[in-house]
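Here is a short briefing for a first look at a protein model.

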Amino acid sequence: MTYELNTIRNTKKTFPKNTRFMFEDFLITCPFSISYLKEKNRKQEVMQWRQIGMAWYAIEYKSLTQAGEFFNHDHSTVVHALKCIQDRKFNPSLSDKVNKILELMQLEIEDSNQIGIKEVNSLIYLEKLIRKKLAFVEK
């Protein structure tokens with residue numbers, strides 16, 4: 001358990017201090033459905049989004065095992081994903097994807113200062129519902 005928390009803490013240190021780790025932020029930004037990310041797929045684009053998703057899930061829920069189970073992988077794959085996120089400066093395409101999520105979060109924070117946090121949370125929730133409906137319709 002200590003190793004697990006240290007790995008997660010070390011990954012969190014590579015982000016700005018006020019970063020909010022919510023798996024929903026990942027879901028909004030990711031161009032692929034969760035079911036597609038859970039499939040066995042070794043295309044670089046899909047693997048990178050899966051790694052980011054695993055990292056976000058592990059950080060939010062503080063469990064490597066749960067993140068691995070959610071994505072149909074074991075905890076060692078999640079550890080690898082966290083290390084890739086930590087070393088993202090060496091991989092520009094992965095870094096760009098992480099920055100997209102961070103930009104989305106920053107927009108939400110800026111918007112919340114203007115119209116109120118409850119309204120922003122409602123809009124985010126509404127967008128998530130719409131995305132889920134679209135994902136269901138696309139199947």
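Phenylalanine 71 is buried, at a relative accessible area of 0%. Buried means under 20% relative accessible area, exposed means over 50%, and partly exposed lies in between (1.4 Å probe, protein chains only). This is a predicted model: local features need pLDDT of at least 70, side-chain atom pairs count only at pLDDT 80 or more, and totals for chains, interfaces and linings use all residues. Residues are numbered from 1 along each chain as its sequence is written, and side-chain values use heavy atoms, with hydrogens and water left out.

**Aromatic pairs**

- Ten aromatic pairs turn up in a search of the whole structure. Rings of Phe, Tyr and Trp (its six-membered ring) pair if their centres lie within 6.5 Å; planes under 30 degrees apart count as stacked, over 60 as edge-to-face and the rest as tilted.
- Phenylalanine 23 and phenylalanine 71 form an edge-to-face pair, because their ring centres are 6.2 Å apart and their planes stand at 80°.
- Phenylalanine 23 belongs to helix α2 (residues 23-29) and phenylalanine 71 to the loop between α5 and α6, so their pair ties together parts 48 residues apart in sequence. Helices are DSSP runs (H or I, at least four residues), numbered from the N terminus.
- Phenylalanine 23 is also buried, with a relative accessible area of 5%.
- The rings of tyrosine 57 and tyrosine 61 are tilted, because their centres lie 4.6 Å apart with planes at 45°.
- These two tyrosines are four residues apart in helix α4, about one helical turn.
- Tyrosine 57 is buried at 13% relative accessible area, whereas tyrosine 61 is partly exposed at 39%.
- One aromatic cluster is formed by Phe23, Phe26, Trp49, Tyr57, Tyr61, Phe70 and Phe71.

**Charges over rings**

- The charged end of lysine 38 sits over the ring of phenylalanine 70, 4.2 Å from its centre. The test is NZ of Lys or CZ of Arg within 6 Å of the ring centre and within 35 degrees of the ring normal.
- Arginine 88 lies over the face of phenylalanine 15, 4.3 Å from the ring centre.

**Confidence**

- Mean pLDDT (the predictor's confidence in each residue, from 0 to 100) is 80 for the protein, and 76% of residues reach 70 or more.
- Confidence is highest in helix α5 (residues 64-70), at a mean of 93, and lowest in helix α8 (residues 117-138), at 63.
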